[in-house]
Amino acid sequence: MPEVKVKLTAKPKMKMFFMETVMKKKITETALLAALALPVFSTASLKNIASDTITPKVPAPVQITSHHTLLQVTTPLKNLAWVDGGVSDGGGGTTNPHPADPYFISRVANEEAAPAILAWLNAQEDNFSRHSQAEKKTKAIRKLFDPAIDFRAIVRNTPVELRMGAPCQNVDGQDRDGSIYGSRPGAICISPFSIGPKVSEFNMAAETIALIVHELSHLVGADEAEAQEIQKDVLLSLSHVDFLSFKVDISLIAHGNGEISDSVFKHQMLKGKGARMKSYEVRNWSDALVRLRDAISLKYFLNLNYLTAHQNNLLTAKVITLGAIEDYLCSTDPNEDHVVSRYCAEKLEKGFQSDQSLSVRAYLKRLDDIDFDEKEFDDVVIRRPQSGADLDAGLNYVYETLIEIWDTFKDLDTVKLKTYN
Ligand SMILES: [Zn+2]
């Protein structure tokens, strides 16, 4: 077997094995926290919180009297303690040496919150989907992924009042860091004034975003305990995120810097060339897509994901589609080394057998004996290339996915919460 072909399949496979061994297993919170060397929270702390009376309604506002407050986290994440609303220092009476400027907290709400929440939802939805039905019922986060609601739309469309000179109030008029009662109809309230003294400049972004998700979760029926569990999840996920590089990564790709624009450029060069293409031209493009996918999915994949799980899977499926195109070109190229072209032809035979088209999942099973226990790639069809027109159609199919992903980055680069002062 020529070395060049081994390399060709090795990249996607390595990634898949990585995905299979790491991501495809059910990731329990305990395992995850252990892996990240974080403390595991006991449910005992939750029981110390006064329960609130609520009437969850979807999507009508909930009646709630609750203790909406920041989770006090010291750096680095050691003594996480739940505090009642209004406590300013985690209950210990200590002075916060690095209080955050409320202006910077409002900037987090304005700039970082929306892309971070959306990327957090992508990653959590993927993790959540790996739980059994019984496990799902025990997770507060299920409220955000109820098929009957569109939580992403709620993140995008809910007005967020940023109270810069006063605390928010709960339904009883008590001061809180956050509340589902803003001054405008349907708005939630977040108080940078109230949050500032309780957080540090180091944890303010994660704390602020986690509190925003807490309040938004109430709008889709989360009760107080569930909202706090979700808030804790967000806080744990975001505590390790470098928001500056997160935003810069999005911005670079959105503005056409890197693999996406490189791939689009390569598509323009190959467009309409059909059977006159060379297999290495397709390979260059395919390699760029693999680099793009790895850059996108590996950096923050457990906590934040730029793309939805489905978009990530589509990208992998398209890399595999390009592989079939490349094999066809190599198997039909009269100038190709005979041993190499025979290898390419055999690979096509092995993958397609007598089928003209099949699901990417079935194709992978035949080709590499990789079987996913999940349904991903079931809905992506791969067609056997047989002509120049087939190749152009296949390339265009890849290109469309790329443009969709690019649009996602452009959206993440510009999306903001609907804040007002
Ligand atoms: Zn609450």
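User: In which helix is the place of Glu 400?

Analyst: This is a predicted model, in which local features need pLDDT of at least 70, side-chain atom pairs count only at pLDDT 80 or more, and totals for chains, interfaces and linings use all residues. Residues are numbered from 1 along each chain as its sequence is written. Helices are DSSP runs of H or I with at least four residues and strands are DSSP runs of E with at least two, numbered from the N terminus. Glu 400 belongs to the helix spanning residues 388-414, namely H16.

User: Is Glu 400 buried, partly exposed or exposed?

Analyst: A residue is buried if 20 or more other C-beta atoms lie within 10 Å of its own, exposed if 12 or fewer, and partly exposed in between, with C-beta atoms placed from the backbone. For Glu 400, 13 other C-beta atoms lie within 10 Å, so the residue is partly exposed.

User: What distance separates the C-alpha atoms of Glu 400 and Val 264?

Analyst: Along the chain, Glu 400 and Val 264 are 136 residues apart.

User: How many helices and strands does the protein have, and what percentage of its residues is buried?

Analyst: The secondary structure comes to 16 helices and ten strands. Of the 421 residues in the protein, the buried share is 40%.

User: In what order do the four strands of the open sheet stand?

Analyst: Two strands pair if DSSP finds at least two bridges between them. Strand E3 (residues 159-162) is joined in the parallel sense by three bridges to E10 (residues 418-420), and by three bridges to E7 (residues 188-190), also parallel. E6 (178-179) and E10 stand at the edges with a single partner strand each, so one side of each has no neighbour in the sheet. The pairing of the sheet is mixed, and the order is E6-E7-E3-E10.

User: Which residues stand opposite Glu 161 in E7 and E10?

Analyst: On the E7 side, Glu 161 stands opposite Cys 189, while Leu 162 has Ile 190 of E7 opposite. On the E10 side, the residue opposite Glu 161 is Tyr 420.

User: At about what angle to E3 does H4 run?

Analyst: Axes are lines fitted to C-alpha atoms, for helices over the stretch in contact, and angles run from 0 to 180 degrees between N-to-C directions. H4 lies across E3, E7 and E10. Relative to E3, H4 runs at about 165 degrees.

User: Which residues does Ala 119 touch, not counting residues up to four places away in sequence?

Analyst: Ala 119 lies in H4 (residues 102-129), and it counts as buried because it has 23 C-beta neighbours inside 10 Å. Contact requires C-beta atoms, placed from the backbone, within 7 Å. The residues that Ala 119 touches are Leu 304, Asn 305 and Tyr 306.

User: Is Tyr 103 buried or exposed?

Analyst: Tyr 103 is also found in H4. Its C-alpha lies 7.3 Å from that of Pro 192, 89 residues apart in sequence. With 10 other C-beta atoms within 10 Å, Tyr 103 is exposed.

User: How many of the residues of H8 are buried?

Analyst: H8 (residues 204-219) has 16 residues and reaches 23 Å from its first C-alpha to its last. This is close to the expected 22 Å, a span defined as 1.5 Å times one less than the number of residues. The helix is largely enclosed by the rest of the structure, because the buried count is 16 of the 16.

Terms used:
Contact = placed C-beta atoms within 7 Å.
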